[in-house]
Each structure stands twice: as C-alpha cells, then as structure tokens.
Amino acid sequence: MKLARRQWLAATLFRLPVVALALSAGAAWAQSGHSNFLKTDGRLIRNQHGTGDAIYLRGVNLGGWQVHEPWMSPLAGVNDDYNMRKTLSQRFGDAGRDALIAAYQDTYLQEKDFIRLSDLGLSAVRLPVYYLNHMNEDGSWKLDPKGRPDLRRIEWVVKMARKHRLYVILDLHGAPGSQNGADHSGKIGGSGELWNNTTYQAQTLNFWRTVAQRFKDNSTVAGYDLLNEPSTNYPAPATREVLDMYDRIYREIRAVDPNHIIFMEGIWDWSAITPPSEYGWTNVCYSFHYYNWGNDSNFESQKAFTDAKVADEQAHAWYNVPHHVGEFNLFALQTSWEYALKRYNDAGWHWNSWTYKGTNIGNWALYNHSNAAANTPNVATDSYATIEAKWRRWDVENDMVANTMLNTVFKNALTGTNSLIRNLPYEGTWPAKDKLQAQNFYHQQGVSFDSNGIGFFDEGDWIRYASFNFGSQGLDRIRLRLAVDPAYAGKTIDVRLDSTGGPLIASITVPSTGGWTTYQTFTFPIQPTTGVHNVVLVGKGGSGIANLDWLAFARSTR
C-alpha cells in the first residue's frame with residue numbers, strides 16, 4: 001500500500017560554486033565501504049564487523065514454519081512434528097510427505113510476509129529450524145540438486161531478509177534426538193535424547209558445522225542460536241551439561257566460522273549461565289525467554305516481572321555481553337506490552353517476540369487465521385488432497401487476520417524515535433549511477449517508509465544513504481522520482497555529503513507533480529562529486545515536502 005502522504009524532493013535548484021570537499025569523519029567511514037556484518041563490542045552489537053554503529057536486533061520469531069507445534073500451527077492427528085513426518089511417510093511415502101510439507105512451507109512464508117515485517121520497522125527475525133527439514137533421521141544430509149547439503153529453505157529466508165532489510169538469527173529449535181523433549185523441539189519425550197546419545201550429539205555438531213560453513217561470509221545472518229531452551233530436565237534451566245554442549249558446538253562452529261555471533265540461552269535468567277571468560281568464548285550474545293505465566297491480565301505483575309528481568313541483566317553487566325530476549329509474551333494487556341517494550345528498548349536489549357503467525361492464539365501472534373479449525377488437517381485420517389488443500393490456506397493476505405493491537409504496539413516500538421539502523425541489501429559501496437529505492441536508507445529521522453518508498457518528510461527530517469560511489473571522474477546530476485501535491489510545492493531539500501552538517505552539494509526547491517501519487521522523474525545539477533560518500537537528504541521549509549520513490553546520480557552530457 002502506498003503511503004497516503006509521502007514527502008520529499010524536487011525542483012528548481014541553484015548551482016553551487018565548486019569548492020574543495022574536506023574528508024569528514026563520515027566520509028572516512030563511507031570510503032571504507034559499508035558492511036552489514038555484525039560482531040559484538042562488549043555489551044553492544046555493531047555493524048562494520050564490530051567497529052561501526054550499534055545495531056539492535058528487534059522483531060519476531062518465524063515460529064510454526066519449520067517446526068509444527070499443534071497448539072499454534074495447523075496440525076492434528078499427531079502430537080508433534082516428528083510423528084507428523086512419520087505418519088505422512090507411512091501413508092504417502094517419503095516423496096508424498098516432502099511434497100505436502102513443501103506445500104505448507106511454500107504458503108506459510110512468502111516474500112509478501114517479509115515485506116509486511118519490514119514495513120513494520122523490524123530489524124531482525126529469529127528463524128526456528130528443525131533439523132529434519134535438512135537431514136535424515138540417520139544423520140545423513142538431504143541433498144539439493146547440486147549434491148550439497150540441502151539448506152535451500154534457510155537460504156531462501158536469508159535471501160528474502162536481505163532484500164527486505166532484515167537480519168536473521170538462525171535458531172536450532174529442534175536438534176537431533178531433541179534437546180528438551182517438548183513439542184517445540186519437534187519430538188516429545190522426557191527431556192530429549194540429545195544428552196545421553198553420542199550419535200545425536202555428533203549429528204548436532206555436524207549440523208552446525210555445515211550451516212556455519214555455508215553462511216560464514218553472509219552478513220545478513222546475525223548469528224547462530226545454538227539450542228532452543230536446552231535442558232536435561234525441562235523446563236529446568238541450563239546446567240553444566242548444557243554449557244559443556246554449548247562449548248562443543250561453539251568450537252565446532254569456530255573451526256569454520258570465526259566471525260559470526262554465537263547466541264547461547266540461559267533460558268529463563270542469568271543465574272543459569274556463566275561468564276563467557278570461563279570457557280574462553282568471544283563474540284557471543286546471551287539469550288533469554290521471558291514468560292510471566294498465569295498473570296495474563298495483571299499489569300502490575302507483568303510490570304514487576306519486566307523490572308526484575310532488567311535488574312537481573314544489570315546485575316550481570318560485568319559479563320560484558322549483549323542481552324537478547326529470544327522469545328517473550330506480555331499476554332492480554334496492551335499496557336503490559338507497551339511498558340515492556342519501552343523498558344527493553346531503553347535498556348538497549350535485542351528482542352524477538354513469539355511469534356509471527358498462529359492458528360487462533362490471540363496475542364501470541366501478529367497474525368491469526370480467520371478460520372483455523374477448518375484449515376487444520378488431520379494427518380492421520382485426511383486424504384492427501386485434503387491435507388494439501390488445507391495447508392495451502394495459510395497465506396497472510398488471503399487467510400490471516402492482523403492482530404491490530406500487537407501491530408500497533410510493534411510499529412510504535414520500532415519506528416519514529418525508536419527507528420533502527422537495519423540491514424542494507426548491499427555490501428561495500430553502491431554505484432551512484434544506479435537507482436536506489438528510497439526506502440533502502442541507512443538511517444533516518446522523522447520520515448515514514450514502506451516497501452514503496454519514503455513519505456511524511458518534513459522540516460528537520462533527514463535520510464542518510466550509505467557509501468555511494470561517485471567514481472573518479474565525478475558526477476554532477478541527481479535524479480529523483482517523486483510526487484508532490486500542488487498545495488505543498490516550493491519547499492526545499494538540501495543534499496549533503498557524509499553527515500547532516502556535511503558539505504552541501506545541492507539545494508532543491510520542490511515543484512508540484514500534481515498529487516501525492518503522481519510520480520515524475522526529475523534531474524537536477526549538483527556540485528561535481530567524486531569518491532565514496534554517504535548522502536544525506538535534509539528537509540527544510542515546513543511539512544509535506546514530497547514522496548520519494550528512488551534516487552540516482554548522473555554525469556551531464558555537455
């Protein structure tokens with residue numbers, strides 16, 4: 001959907017005299033080329049391989065896609081994902097099983113889902129992975145058409161996330177044998193077989209080594225969440241046995257990927273996990289899951305619970321690691337959600353709520369199904385055609401209903417003054433002559449954005465684009481595709497290099513295009529510019545400057 005009123009640039013420009021451009025601190029940063037790659041820096045996570053701006057990973061889990069949990073995803077007739085696969089194989093063969101699962105996964109997550117999440121202002125998604133999507137039960141790899149371990153589903157999520165400006169935390173939600181015996185691990189039973197079965201342990205190490213080898217250079221992957229809620233006596237917190245397993249996986253990953261952040265779960269609180277120095281871990285983030293059960297409509301209880309968790313983290317600040325809330329729910333009250341997210345943001349935490357989609361699970365999900373019961377197949381008794389038809393009815397546009405309260409709370413917590421520096425769809429530098437969609441900014445203050453561009457650009461607002469490469473010969477034109485209502489024409493956009501106070505290379509007076517949805521492409525002169533620079537657009541002259549679709553630079557032909 002186009003923004004109702006987007007604002008921005010255009011029109012009459014006066015040519016500035018050519019002046020020497022000093023290399024500011026911002027220019028020096030830009031010249032090195034942008035990198036989305038994240039590393040920890042004490043209690044912060046930064047881009048530029050740990051030397052750039054602080055990045056805050058905030059968003060949702062993509063629960064229910066790779067791991068069915070019958071309480072929240074469309075599965076009946078069995079009690080977990082493992083037995084779903086067994087039942088489908090017995091009834092329809094392995095090929096039939098895989099085709100049905102593919103029909104569900106192809107529908108449940110599509111590019112349109114990533115567009116919605118990006119438009120909401122998210123910076124990250126946590127992807128719960130079940131190993132049986134990629135490995136066979138005996139630990140051998142399923143193979144892709146190139147004969148490699150089949151990680152195509154994960155690769156597709158990473159590709160979509162990069163395109164739509166999201167980071168991805170890869171979370172092993174269901175490990176070989178199960179790490180806790182709960183339904184969300186894929187296989188119910190005890191506290192899981194991982195802890196007393198060396199074969200499953202070897203398969204887990206192999207899984208992570210292979211995944212890390214594949215994604216070691218991928219900057220959209222924020223890091224690896226080693227095991228979801230691991231426990232030798234679930235739901236008891238992590239113990240020394242769990243920490244030792246973390247250490248084994250950590251070293252397996254570090255053998256092939258020395259650079260990605262590794263997420264380790266204390267599960268419920270900090271007392272369950274030791275300082276990283278005890279094991280010699282570096283570039284790690286500690287993750288926790290916060291659920292104040294039984295107090296769904298009690299704001300004071302939820303507030304006290306949140307306050308206690310913030311105090312717990314502050315008491316362990318000497319661990320010197322970032323804090324990530326990998327799952328949480330504030331249940332019934334909007335006030336509980338607003339209070340907790342403000343405290344999380346103020347504390348500088350990273351967070352991913354549980355979850356994006358659900359059957360009819362209320363405030364657990366941003367989107368719930370409009371008729372879940374009728375579209376939840378019984379895999380033990382329904383025909384192949386019925387199972388497929390029902391699993392193809394989980395499209396976010398056609399079958400899901402937005403949780404208005406949660407979407408509003410998230411939008412407020414992720415935009416405006418809470419807006420985040422997010423992943424960019426490119427590394428290094430951007431060729432200045434190529435069109436860059438306006439919403440692919442590095443950072444901004446004040447504007448609104450969606451997948452169609454920029455709007456609500458007013459005086460004092462600014463938009464910063466990262467590492468434009470103007471080349472050695474220089475460019476002296478800026479091209480803008482924009483829309484302006486006649487009543488708002490005549491305002492100004494300053495085009496500056498490197499920072500909001502950097503060298504001014506153009507001052508553009510915005511003309512009318514006939515309306516907020518009537519777009520035209522304009523070309524304006526700028527001061528000749530060479531090298532690599534950040535580009536900053538600064539609004540002046542009042543509210544309602546223009547809507548912007550894309551920008552690019554060019555060289556005059558004369």
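**Cavities, cores and backbone in a predicted model**

The count of cavities comes to 2 of 30 Å³ or more, a cavity being a set of points, on a 1 Å grid over the protein atoms alone, where a 1.4 Å probe fits but cannot get out. The structure is a predicted model, in which local features need pLDDT of at least 70, side-chain atom pairs count only at pLDDT 80 or more, and totals for chains, interfaces and linings use all residues. Residues are numbered from 1 along each chain as its sequence is written, and side-chain values use heavy atoms, with hydrogens and water left out.

The largest cavity holds about 50 Å³ of space, where a volume is the space filled by probe spheres set on the points, and grid points are joined across faces, edges and corners. Its lining (residues with an atom within 4 Å of a point) includes Tyr-82, Tyr-130, Tyr-131 and Tyr-200. By class, this lining has 5 nonpolar, 3 polar and 2 charged residues; Ala, Val, Leu, Ile, Met, Phe, Trp, Tyr, Cys and Pro count as nonpolar, Asp, Glu, Lys and Arg as charged, and the others, Gly among them, as polar. The second largest cavity has about 30 Å³ of space, and its lining divides into 4 nonpolar, 3 polar and 2 charged residues.

Arg-85, Ile-101 and Gln-105 are among the residues that line the second largest cavity, and they are also among those that line the second largest pocket. A pocket is an open set of points with protein on both sides within 12 Å along at least five of seven lines. The volume of the second largest pocket is about 260 Å³, and its lining has 6 charged, 3 polar and 2 nonpolar residues. Helix 2 (81-108) gives the most to this lining, with 5 residues; helices (H or I, at least four residues) and strands (E, at least two) are DSSP runs, numbered from the N terminus.

The largest nonpolar core has 99 residues. Such a core is a set of buried Ala, Val, Leu, Ile, Met, Phe, Trp, Tyr and Cys residues joined through side-chain atoms within 4.5 Å, and buried means under 20% relative accessible area, exposed over 50%, and partly exposed in between (1.4 Å probe, protein chains only). Met-264 is one of the residues with the most contacts inside this core. Beyond four places in sequence, Met-264 is in contact (heavy atoms within 4.5 Å) with residues including Leu-226, Ile-273, Trp-281 and Tyr-286. Another core, of 51 residues, lies apart from the largest one and includes Leu-424 and Leu-548.

Asn-423 is in the loop between helix 10 (404-414) and strand 14 (430-431), and it counts as buried because its relative accessibility is 0%. Arg-165 is among the residues that Asn-423 touches, leaving out those up to four places away in sequence. Arg-165 is in the loop between helix 4 and strand 5 (167-174) and has a positive phi near 70°. With 2% relative accessibility, Arg-165 counts as buried. Asn-320 also has a positive phi, of about 60°, but counts as partly exposed, at 46% relative accessibility.

Most residues other than glycine have a negative phi, and most peptide bonds are trans. A cis peptide bond joins Tyr-234 and Pro-235, with omega about 10°. The bond from Trp-354 to Thr-355 is cis, with omega near 15°.
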